[in-house]
Structures are given as structure tokens and as C-alpha cells.
Amino acid sequence: LCLQVPELEKATVRIRQPERVRGIIQSLREQGVAKLQVISDFDMTLSRFGCNGRRCPTSHNILDTSRVISEDGKKKLKDLLHYYYPIEIDPNRSLEEKCPLMVEWWTRAHELLVQQKIHKGDIAQIVRESEAMLREGFEEFFDQLHKNNVPLFIFSAGVGDILEEIIRQANVFYSNVNVVSNYMDFNDDGVLMRFKGPLIHTYNKNNTVLQGTGYFQQLSTRTSIILLGDSMGDLTMADGVPSVENILKIGFLNDKVEERRGNYLDSYDIVLESDETLDVVNGILQYILAE
């Protein structure tokens, strides 16, 4: 397989069942471009986890630490993060235990943001001033999919308005990109009043929040899927697809690598450890999309 996709030779790549993965990639190529769709998480999957030893912000972080948030608001948001994030990534807690706590976290964070009377007109500038970065190779990733009319579905528990702006400022918000996320609801004066439902958190990225969107129904012939995520919650993102024939799950393991490796290797077909690029994804796409 490394002959066809040399990027899989990278030191960051781990694969528990190489033969199985070879078979899936082969099938994706044989099924052809007309059957393919890509389903991806955004924060720390399409965006970078770190750069030069510093953490890069998520779409929530960008907002939480921006100049439009009061010092008091920043402190409260940070306290929430310090309390709930360890719960989110704790490998020893069950999903049943985590879910209500995630709802609690997102709800409280969104309420704090609403209190800040954020203006819609400030969003572009907030993103411009932030340290948000898409992973290296993002242009090739978005361009390849667009050029081949492959739908890219971004399913994010982040803030939709912020992540759309990041993609827009990177000049890759093409017509084949569709985003489902937590969007802000502004009043006629452009002031944030609330967040639109349904609330999407790390562990409900599945059919339950997609009901009524009908997105996957329109794509019912797209039965080959490449799924990109960085958490256990991302594994259910394709659950809304009516009939999946082939699915390749690629996981970015960004944090606490040793501790979480086993879990990721059990769940994802390909695990990329501390890899800030989209090289492997682009290599696989190149091979699948080749004439």
C-alpha cells in the first residue's frame, strides 16, 4: 500500500490492521469518485492542535479569549474548561456519564457568551486577530475535493460562525462544503441573543442532531466515506448515512498520546500521532481520485 500511498510511511502513522486498511482504500478507489464523500470534524482535525510548541485555539477558544469578552467572562469560561475538559477526555468514564456533563458545559458556556452581547460584525476581525490555523496541506485537501465534486461535510461541536469564517479567510469555502455546528442567533441589531438548536457537543455527533437536515438523504448514492476526527465522539459522525459500503476512519491523536493510543487504535483504521498536517489524508485522496 505504501507504494500507492507513500505518505503512510510517515513516522506519525499507526495502523493496527494494515491488510484491512489496504482493502478499504482499494475499495474506495474502485468505487470511484462519484460514490465518495468526506465527513470531518473541524477543531483539532482540520484545524491545528499546536504550532511551535504552543496550543492552537479551537473555534470556542477563539471567541472565549477575544477582545469582545470581558475579563470576568474570560475567567468564567476558563474555569468551565478546566472543570469539564478533563471529563471529556477521561478514558475511564462512560459515554452515559459524560453526555449530560457535556450538555451542561456547552449550555453554560453559551449562556456566558450571550451575556457578552457579541456583535455579528466583530466575528471576521476576531478570527483575523486569532491564532487559528488550518493543518498544513489544507489547500490541497479542499482543492482536491472541490475539483472532483466530492462533498465535504463538516460536523462540529464548535461555533459554526467562527469556523466558517476561518475557512472563508483561508479562501477554501467552496460550494461542496457543508457545515453542521452550533450557530449564533443574532437580533436585528446584530447582537448575539442565543445559540440556535440543536446543541452539538463532542458526544452527540450522530443522527440525533441531523434529523430534519436531510443532508445525507440527498447524498444516498455516496456510499464510500472517509471520516476524519480527533475524538471518540467523532466516530459516530457517519451514522446518518443511509447505506455505507466502505468507510475509512482516520483519527488524529493530538494529546496524551501514550495514554490514549490503545483506544484510538481499537476505534480508528489509521491513527496519526502528533501530526499537524493533512499529508496522509491528501495522499490517500490522491490515490483514490487518480484517473
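**Figure 1. Glu258 and Arg261 form a salt bridge in this predicted model.** The side chains of Glu258 and Arg261 meet with N to O at 3.4 Å. Both residues sit in helix H9, which spans residues 257-267. They are 3 residues apart, so about one helical turn separates them. In general, an α-helix has 3.6 residues a turn, so residues three or four places apart point the same way. Arg261 is buried, with a relative accessible area of 17%. The pair also belongs to a network: salt bridges that share partners join Arg14, Glu258, Arg261 and Glu273.

**Figure 2. Lys205 and Asp234 form a buried salt bridge.** The closest N and O atoms of Lys205 and Asp234 are 2.7 Å apart. This pair links distant parts of the chain, 29 residues apart. Lys205 lies in the loop between strand E8 (192-195) and helix H8 (215-218). Asp234 lies in the loop between E9 and E10. How accessible is Lys205? Its relative accessibility is 2%, so Lys205 counts as buried. Asp234 is buried too, with a relative accessible area of 1%.

**Figure 3. Arg194 and Asp185 meet in a salt bridge.** Their side chains come to 3.1 Å, N to O. Arg194 is partly exposed, with a relative accessible area of 48%. Asp185 is partly exposed as well, at 21%. How many salt bridges does the structure hold? There are 24. In general, side chains of opposite charge can pair when their charged atoms come close.

**Figure 4. Strand E9 is covered on both faces.** Ser224, Ile226 and Leu228 lie on one side. Ile225, Leu227 and Gly229 lie on the other. Which strands pair with E9? One is E2 (residues 36-40), joined to E9 in the parallel sense over 5 bridges. Here Gln37 stands opposite Ile225. Another is E10 (residues 246-253), also parallel to E9, over 6 bridges. In this pairing Ile226 stands opposite Leu248.

**Figure 5. Ile226 sits in the largest nonpolar core.** This core has 90 residues. Those with the most contacts inside it are Phe141, Ile226 and Ile284. Domain 1 (6-51 + 133-289) and domain 2 (54-129) each supply at least three residues to the core. What does Ile226 touch, leaving aside residues up to four places away in sequence? Its contacts include Leu36, Gln37, Val38 and Ile39. Leu248 and Ile250 are also among them. In general, nonpolar side chains tend to be buried together in soluble globular proteins.

**Figure 6. Helix H6 has its buried residues on the same side.** H6 spans residues 138-147. Its buried residues include Phe138, Phe141, Phe142, Gln144 and Leu145. Why do these residues share a side of H6? They cover an arc of only 160 degrees around the axis, which puts them on the same side. What covers the buried residues of H6? The cover includes strands E2, E5 (152-159), E6 (177-182) and E9. Helices H7 (160-169) and H10 (279-289) contribute too. After H6 comes Asn149, whose phi is positive, near 55 degrees.

How values were computed. Residues are numbered from 1 along each chain as its sequence is written. This is a predicted model: local features need pLDDT of at least 70, side-chain atom pairs count only at pLDDT 80 or more; totals for chains, interfaces and linings use all residues. Side-chain values use heavy atoms; hydrogens and water are left out. Buried means under 20% relative accessible area, exposed over 50%, partly exposed in between (1.4 Å probe, protein chains only). Helices (H or I, at least four residues) and strands (E, at least two) are DSSP runs, numbered from the N terminus. Two strands pair if DSSP finds at least two bridges between them. A nonpolar core is a set of buried Ala, Val, Leu, Ile, Met, Phe, Trp, Tyr and Cys residues joined through side-chain atoms within 4.5 Å. Domain bounds come from an automatic or database domain assignment. Contact means heavy atoms within 4.5 Å. The arc is that of the directions from the helix axis to the C-beta atoms. A salt bridge is a side-chain nitrogen of Lys or Arg within 4 Å of a carboxyl oxygen of Asp or Glu.
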